[in-house]
Amino acid sequence: MNNFNSINHRPLQIYNRCVVTANLMEDQGRAAVEDYLSQFSEEDKIDMAHMFKLVKKLGPKRVQNMVTAGMQFSDDDYVGEEN
(Lines give C-alpha, C1' and ligand atoms only; values in the text may rest on other atoms or scores of the structure.)
Protein backbone atom coordinates (compact mmCIF):
# COMPACT_ATOMS: atom_id res chain seq x y z
CA MET A 1 0.00 0.00 0.00
CA ASN A 2 1.24 3.49 -0.80
CA ASN A 3 3.57 4.93 1.84
CA PHE A 4 4.10 8.24 -0.01
CA ASN A 5 7.89 8.03 0.28
CA SER A 6 8.18 9.65 -3.14
CA ILE A 7 6.72 12.89 -1.72
CA ASN A 8 9.56 15.13 -0.60
CA HIS A 9 7.36 17.60 1.29
CA ARG A 10 7.15 16.01 4.75
CA PRO A 11 3.86 17.64 5.90
CA LEU A 12 2.05 16.45 2.76
CA GLN A 13 3.64 13.02 3.06
CA ILE A 14 2.37 12.66 6.63
CA TYR A 15 -1.05 14.09 5.77
CA ASN A 16 -1.49 11.57 2.94
CA ARG A 17 -0.51 8.71 5.24
CA CYS A 18 -3.13 9.90 7.73
CA VAL A 19 -5.80 10.00 5.02
CA VAL A 20 -5.01 6.41 4.04
CA THR A 21 -5.05 5.36 7.70
CA ALA A 22 -8.44 6.98 8.32
CA ASN A 23 -9.91 5.44 5.17
CA LEU A 24 -8.57 2.00 6.11
CA MET A 25 -10.09 2.26 9.57
CA GLU A 26 -13.46 3.18 8.13
CA ASP A 27 -13.45 0.62 5.32
CA GLN A 28 -11.48 -2.35 6.68
CA GLY A 29 -10.98 -1.92 10.41
CA ARG A 30 -8.19 -1.92 12.95
CA ALA A 31 -6.27 -4.94 11.59
CA ALA A 32 -5.82 -3.24 8.22
CA VAL A 33 -4.64 -0.06 9.95
CA GLU A 34 -2.13 -1.99 12.06
CA ASP A 35 -0.82 -3.71 8.94
CA TYR A 36 -0.44 -0.37 7.13
CA LEU A 37 1.27 1.31 10.09
CA SER A 38 3.74 -1.54 10.52
CA GLN A 39 5.80 -0.22 7.60
CA PHE A 40 6.53 3.09 9.34
CA SER A 41 9.13 4.08 11.93
CA GLU A 42 8.19 5.27 15.40
CA GLU A 43 9.07 8.81 14.30
CA ASP A 44 6.66 8.50 11.37
CA LYS A 45 3.91 7.26 13.67
CA ILE A 46 4.48 10.14 16.09
CA ASP A 47 4.31 12.62 13.21
CA MET A 48 1.07 11.00 12.07
CA ALA A 49 -0.39 11.25 15.59
CA HIS A 50 0.45 14.96 15.63
CA MET A 51 -1.19 15.39 12.22
CA PHE A 52 -4.35 13.59 13.40
CA LYS A 53 -4.52 15.95 16.41
CA LEU A 54 -4.12 18.95 14.12
CA VAL A 55 -6.91 17.70 11.85
CA LYS A 56 -9.15 17.16 14.87
CA LYS A 57 -8.42 20.68 16.11
CA LEU A 58 -8.57 22.62 12.83
CA GLY A 59 -10.52 20.38 10.46
CA PRO A 60 -9.34 18.44 7.42
CA LYS A 61 -9.82 21.19 4.83
CA ARG A 62 -7.79 23.76 6.76
CA VAL A 63 -4.98 21.28 7.42
CA GLN A 64 -4.99 20.20 3.78
CA ASN A 65 -4.61 23.85 2.79
CA MET A 66 -1.78 24.26 5.28
CA VAL A 67 0.22 21.22 4.10
CA THR A 68 -0.12 22.21 0.44
CA ALA A 69 0.45 25.97 0.87
CA GLY A 70 2.86 27.31 -1.70
CA MET A 71 3.03 24.05 -3.63
CA GLN A 72 2.42 23.94 -7.35
CA PHE A 73 0.87 20.84 -8.86
CA SER A 74 0.81 19.65 -12.44
CA ASP A 75 0.28 16.39 -14.29
CA ASP A 76 4.04 16.30 -14.85
CA ASP A 77 4.60 15.93 -11.10
CA TYR A 78 2.89 12.55 -11.00
CA VAL A 79 5.30 9.71 -11.60
CA GLY A 80 2.78 6.90 -11.13
CA GLU A 81 4.84 5.23 -8.42
CA GLU A 82 3.00 3.26 -5.79
CA ASN A 83 4.94 2.01 -2.79
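1. The side chains of lysine 45 and glutamate 42 form a salt bridge, with an N to O distance of 3.5 Å; a salt bridge here is a side-chain nitrogen of Lys or Arg within 4 Å of a carboxyl oxygen of Asp or Glu. Both residues belong to helix α3, where they are three residues apart, about one turn of the helix. Lysine 45 is partly exposed at 28% relative accessible area, whereas glutamate 42 is exposed at 54%. The terms are set as follows: buried is under 20% relative accessible area, exposed is over 50%, and partly exposed lies in between, with a 1.4 Å probe and protein chains only.

2. Basis of the note. The model is predicted: local features need pLDDT of at least 70 and side-chain atom pairs count only at pLDDT 80 or more, while totals for chains, interfaces and linings use all residues. Residues are numbered from 1 along each chain as its sequence is written, and side-chain values use heavy atoms, with hydrogens and water left out.

3. Overall architecture. The chain contains four helices and zero strands, in the order α-α-α-α along the sequence. Helices (H or I, at least four residues) and strands (E, at least two) are DSSP runs numbered from the N terminus. Of the 83 residues in the chain, 28% are buried. Among contacts with a separation of 6 or more, 57% are between residues 24 or more positions apart; contact means heavy atoms within 4.5 Å.

4. Packing of α1 on α2. Two packed helices are described by the angle between their axes and the distance between the axes. For helix α1 (residues 10-27) and helix α2 (residues 30-37), the axes come within 7 Å and cross at roughly 155°. The axes are lines fitted to C-alpha atoms, for helices over the stretch in contact, and the angles run from 0 to 180 degrees between N-to-C directions. The two helices are therefore roughly antiparallel to each other; angles under 35 degrees count as roughly parallel, over 145 as roughly antiparallel, 65 to 115 as roughly perpendicular and the rest as oblique. The crossing of α1 past α2 is right-handed, that is, the near helix is turned clockwise from the far one by less than a right angle.

5. Residues between α1 and α2. On the α1 side the contact involves Arg17, Val20, Thr21, Leu24 and Met25, and on the α2 side Arg30, Ala32, Val33, Tyr36 and Leu37. By class, the residues of this contact are seven nonpolar, one polar and two charged. In this scheme Ala, Val, Leu, Ile, Met, Phe, Trp, Tyr, Cys and Pro are nonpolar, Asp, Glu, Lys and Arg are charged, and the others, Gly among them, are polar.

6. Packing of α1 on α3. The axes of α1 and α3 come within 9 Å and cross at roughly 80°, which makes α1 roughly perpendicular to α3. From α1, the contact draws on Arg10, Pro11, Ile14, Tyr15, Arg17, Cys18, Thr21 and Ala22; from α3, on Glu43, Asp44, Asp47, Met48, Met51, Phe52 and Val55. These residues divide into nine nonpolar, one polar and five charged.

7. Threonine 21. This residue lies in helix α1 and is buried, with a relative accessible area of 6%. When neighbours within four places in sequence are set aside, threonine 21 is in contact with Val33, Tyr36, Leu37, Met48 and Phe52.

8. Further salt bridges. The structure holds five salt bridges. One of them pairs aspartate 47 with arginine 10, the closest N and O atoms being 2.6 Å apart. This pair links distant parts of the chain, with aspartate 47 in helix α3 (residues 42-58) and arginine 10 in helix α1, 37 residues apart. Both partners are partly exposed, aspartate 47 at 25% and arginine 10 at 29%. Glutamate 34 and arginine 30 form another, at 3.2 Å between the closest N and O atoms. These two residues are four apart in helix α2, which separates them by about one helical turn. Glutamate 34 is partly exposed at 46% relative accessibility, and arginine 30 is exposed at 56%.

9. Methionine 66. This residue is placed in helix α4 (residues 60-68) and is partly exposed, at 42% relative accessible area. Methionine 66 and leucine 12 are 54 residues apart in sequence, with 9.1 Å between their C-alpha atoms.
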